[in-house]
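Work through the exercises below with the model open in a viewer. Each task is followed by a solution in steps.

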Amino acid sequence: MKTAILPFTNFDDNTLWNNLKEGDEKSFSMLFERYYADLVRYGNSLSPYEEKVQDCIQDVFTDIWVYRSSLQGSVMVKAYLLSSVRKRIARLFERDHIFRKTTSTDSIAFLLEFSVEYELIDDDYATKEKVVHLNKLLNELPSRQKEALYLRYHQGLTVEQIAEILDVNYQSASNLLHRGLLSLRKEWKGAYSLFLLLSSSSF
């Protein structure tokens, strides 16, 4: 009796990651397909040059495949990929002298205008006007605070993972999230339960 083989779409990230470390091309392709759209969206939030962003993502995956045998065996794949793309874009900026030869990712401005409308649409208090106002407050935050909230709220990353991606320590990442939420709370005039959905998702 043959053992049933699960479709690759049912494999979790760690299984696919460990398979690709062993040279499995299907697992590598599955991870690429699973996260490519998220990486493009995140990359485009850091750089206005879409083609260069796509090149950076391709380079990240090329490196993963070429150096697969030396990859860590236990990683949070999504956080690893987001961090790798961010660092690749920072190196691109340094090479192109956009940021005066700095290699610090602090210089990257978070450009994405992100929305909470779809996440809150079922809430009783989520009227169009209130959601628009909350989005406006979010997108007026300082770049680093907005990026930290985006990574926590939209990408579901932990504070530790956000710290790694932003190249800061845990306390600094926690402070970015905390300050962002404090700024929102200070300006928020709508129903508290709507704001609470965001703040409860950010820690």
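The model is predicted, so local features need pLDDT of at least 70 and side-chain atom pairs count only at pLDDT 80 or more, while totals for chains, interfaces and linings use all residues. Residues are numbered from 1 along each chain as its sequence is written, and side-chain values use heavy atoms, with hydrogens and water left out.

**Exercise 1. Overall composition**

Task: Determine how many helices and strands the protein chain has, and what percentage of its residues count as buried.

Solution. 
- Step 1. Helices (H or I, at least four residues) and strands (E, at least two) are DSSP runs, numbered from the N terminus.
- Step 2. The protein chain has 10 helices and zero strands.
- Step 3. Buried means under 20% relative accessible area, exposed over 50%, and partly exposed in between (1.4 Å probe, protein chains only).
- Step 4. Of the 203 residues of the protein chain, 43% are buried.
- Step 5. Contact means heavy atoms within 4.5 Å. Taking contacts in the protein chain between residues at least 6 apart in sequence, 65% join residues at least 24 apart.

**Exercise 2. Two aromatic pairs**

Task: Classify the ring pair of Trp17 and Tyr80, then the ring pair of Tyr42 and Tyr150.

Solution. 
- Step 1. A pair of aromatic rings is described by the distance of the centres and the angle of the planes.
- Step 2. Rings of Phe, Tyr and Trp (its six-membered ring) pair if their centres lie within 6.5 Å; planes under 30 degrees apart count as stacked, over 60 as edge-to-face and the rest as tilted.
- Step 3. There are six aromatic pairs in the structure. For Trp17 and Tyr80, the values are 5.2 Å centre to centre and 65° between the planes, an edge-to-face pair.
- Step 4. Trp17 belongs to helix 1 (residues 13-21) and Tyr80 to helix 4 (residues 77-95), so this pair ties together parts that are 63 residues apart in sequence. Trp17 is buried at 1% relative accessibility, whereas Tyr80 is partly exposed at 27%.
- Step 5. The ring centres of Tyr42 and Tyr150 are 6.3 Å apart and the planes are at 5°, so the pair is stacked.
- Step 6. Tyr42 is in helix 2 (residues 25-46) and Tyr150 in helix 7 (residues 143-153), 108 residues apart. Tyr42 is buried, with a relative accessible area of 0%, and Tyr150 is buried at 2%.

**Exercise 3. A ring cluster and charges over rings**

Task: Find which residues ring pairs link into a cluster, and which ring Arg68 lies over.

Solution. 
- Step 1. Ring pairs join Phe28, Phe32, Tyr36, Phe61 and Trp65 into a cluster.
- Step 2. A charge sits over a ring if NZ of Lys or CZ of Arg is within 6 Å of the ring centre and within 35 degrees of the ring normal.
- Step 3. Arg68 lies over the face of Trp65, 4.1 Å from the ring centre.
- Step 4. The charged end of Lys52 sits over the ring of Tyr49, at 5.3 Å from its centre.

**Exercise 4. Packing around helix 7**

Task: Describe how helix 7 packs with helix 8 and with helix 9.

Solution. 
- Step 1. Two packed helices are described by the angle between their axes and the distance between the axes. Axes are lines fitted to C-alpha atoms, for helices over the stretch in contact, and angles run from 0 to 180 degrees between N-to-C directions.
- Step 2. Angles under 35 degrees count as roughly parallel, over 145 as roughly antiparallel, 65 to 115 as roughly perpendicular and the rest as oblique.
- Step 3. Helix 7 and helix 8 (residues 159-166) have an angle of about 135°, with axes 10 Å apart; they are therefore oblique to each other.
- Step 4. The residues in contact include Leu151 of helix 7 and Ile162 of helix 8.
- Step 5. Helix 7 and helix 9 (residues 170-187) have an angle of about 100° and axes 8 Å apart, and are therefore roughly perpendicular. Among the residues making this contact are Leu149 of helix 7 and Gly180 of helix 9.

**Exercise 5. Single residues**

Task: State whether Asp167 is buried or exposed, and which residues Asp13 touches.

Solution. 
- Step 1. Asp167 lies in the loop between helix 8 and helix 9 and is exposed, at 58% relative accessible area.
- Step 2. Asp167 has a positive phi of about 60° although it is not a glycine.
- Step 3. Asp13, in helix 1, is buried at 17% relative accessibility.
- Step 4. Leaving out residues up to four places away in sequence, Asp13 touches Leu31, Arg34, Tyr35, Val77 and Lys78.
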